[in-house]
Amino acid sequence: MKIFIKNGHLIDPTRKIDEICDILIEDGKIKELQRLKARGKGQANSSEPRTQNPEQEIIDASGMIVMPGLVDMHVHLREPGFEYKETIKTGTEAAVRGGITSVCCMPNTNPVNDNPGITEFILRKAIQEGSCTIFPIGAITKGQKGEELAELGMMYDAGCVAFSDDGRPVMDSLLMRRALEYSRIRKALIISHAEDMSLAAGGVMNEGLLSITLGLKGIPAQAEEVMISRDIALAELTGGRLHIAHVSTAGSVELLRTAKKRGVAEITAETCPHYFSITEEAVVGYNGNAKVNPPLRRKKDVDAIRDGLQDGTIDAIATDHAPHHKDEKSGEFDNAPSGISGLETSLGLSMRLVDDRILTLSQLVEKMSAAPARILGIADKKGAIRAGADADIVIIDTNKEYTVSGADFRSKGRNTPFEGWTLKAQPAVTIAKGRIYRWE
């Protein structure tokens, strides 16, 4: 199948492209890219003969932004085991609606993805039912119990691109050291859910005056920062590849900034739209849809996260998409599970960073596509628009406004604290795995 995208404003930081381009796709791969400037003054538009070809799909992207499909390195697809919350089918449908063409699914399924059999199951289902590409993340420890390393080598060979016990930290420092040593041998990424469980025990929101006022047990910022300090130290000890997930505090940003300035190799970090968009105030009224882990923090933390994105301390933006059934989220706040359904609001929320001049549009694409692809070691086929790469592309109407409504989500999870928000920049077309998804 041939697809021809004409007159789109292409933003691709990997090649420093920020101009009008035509793109030809053949059999799911980028075949050819023609820049407007390359045509020259007075030269005929070479796209004109192509638009006469009746055997190809033509997409007129005039007036719209074209960028590499987004790569989300932190998603919970819930299958196998929790299909009432989300499935590979519904989760990837939500992803392409949000402009995301590659998702990395965390291993806290049932059973846990801690062996090659589960990894292969996920990849088979992705081929059968997935709307976009799935890269499984395997568990660091068996059953995510933090007691014994999982079959990292066999899972890596089966298709896992990284390892994490996300949802839980690896509290045993020696086990974390062994995992990081392994990452150095196989060039496999270790993703840290940085949380000291002793400090966080029983907490359900950020610790501070507001948690006292609401009568809820708080989680101090230091629960995250203590573990980031430890993992930075272990990365220095081992030379392993460490990635810090969902950074939420000002102290964490400073720890990472200092480590990077010190030259600690192979450390990267991500944050999520809710950590640079809203504060702990969203919990007021015991709003279970604002319960996340790590918890929403104070304004000074939000400002620090934005600074960290701007100065490069934080490399990537991920969603930590964590769908739950509405009955689970509507119950007592203390007992509600943590998580936001984030795949369909991530781009719109992140575009606010451009409007607020925190990031340029090119820098935003870097954070949401090129950087995660590079960190995961898949940059040869994802995160860029160049000849030979996978044809994963999102075409965005940056002027279109829309109102967030969980009822409209493709995801089974309708849990969002952004209900009723007005956002801009919604995908008009997503091309994933050579398939075209269009929306009004």
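In this predicted model, the largest nonpolar core has 68 residues. The members that touch the most other members are Met-67, Val-103, Ile-134, Phe-163, Met-176, Val-247 and Ile-267.

- Helix 3 covers residues 116-129, which makes 14 residues.
- From its first C-alpha to its last, helix 3 reaches 20 Å, close to the 20 Å expected at 1.5 Å a residue.
- The buried residues of helix 3 are Pro-116, Ile-118, Thr-119, Ile-122, Lys-125 and Ala-126.
- An α-helix has 3.6 residues a turn, so residues three or four places apart point the same way.
- The cover over the buried residues of helix 3 includes helix 2 (88-97), strand 7 (100-105), strand 8 (133-138) and helix 4 (152-158).

**Aromatic pairs and a charge over a ring**

- The structure holds 3 aromatic pairs.
- Phe-163 belongs to strand 9 (residues 162-164) and Tyr-182 to helix 5 (residues 173-186), so the pair ties together parts that are 19 residues apart in sequence.
- Both Phe-163 and Tyr-182 are buried.
- The rings of Phe-418 and Trp-421 also form a pair; their centres are 4.9 Å apart and their planes stand at 85°, so this pair is edge-to-face.
- Phe-418 is buried, with a relative accessible area of 1%, whereas Trp-421 counts as partly exposed at 24% relative accessibility.
- At Phe-333, the charged end of Lys-291 sits over the ring, 5.5 Å from the ring centre.

**Helix 11**

- Helix 11 takes in residues 299-311, 13 residues in all.
- Its span from first C-alpha to last is 18 Å, close to the 18 Å expected at 1.5 Å a residue.
- The buried residues of helix 11 are Asp-301, Val-302, Ala-304, Ile-305, Arg-306, Gly-308 and Leu-309.
- These buried residues pack against helix 9 (250-262), helix 10 (273-277), helix 13 (346-355) and helix 14 (361-376), and also against strand 14 (267-271) and strand 15 (316-317).
- Just after helix 11 comes Gly-312, which takes a positive phi of about 90°.

**Cysteines**

- A search of the whole structure finds 0 disulfides.
- For Cys-132, the closest cysteine sulfur is in Cys-105, and at 10 Å it is too far for a bond.
- Cys-132 is buried, with a relative accessible area of 1%.
- Cys-21 is buried as well, with a relative accessible area of 2%.

**The loop residue Glu-148**

- Glu-148 lies in the loop between strand 8 and helix 4.
- At 45% relative accessibility, Glu-148 counts as partly exposed.
- Glu-148 and Leu-175 are 27 residues apart in sequence, while their C-alpha atoms are 7.3 Å apart in space.
- With residues up to four places away in sequence left out, Glu-148 touches Ile-140, Thr-141, Lys-142 and Leu-175.

Methods: Residues are numbered from 1 along each chain as its sequence is written. This is a predicted model: local features need pLDDT of at least 70, side-chain atom pairs count only at pLDDT 80 or more; totals for chains, interfaces and linings use all residues. Side-chain values use heavy atoms; hydrogens and water are left out. Rings of Phe, Tyr and Trp (its six-membered ring) pair if their centres lie within 6.5 Å; planes under 30 degrees apart count as stacked, over 60 as edge-to-face and the rest as tilted. Helices (H or I, at least four residues) and strands (E, at least two) are DSSP runs, numbered from the N terminus. Buried means under 20% relative accessible area, exposed over 50%, partly exposed in between (1.4 Å probe, protein chains only). A charge sits over a ring if NZ of Lys or CZ of Arg is within 6 Å of the ring centre and within 35 degrees of the ring normal. The expected span of a helix is 1.5 Å times one less than its number of residues. Contact means heavy atoms within 4.5 Å. A disulfide is a pair of cysteine sulfur atoms within 2.5 Å. A nonpolar core is a set of buried Ala, Val, Leu, Ile, Met, Phe, Trp, Tyr and Cys residues joined through side-chain atoms within 4.5 Å.
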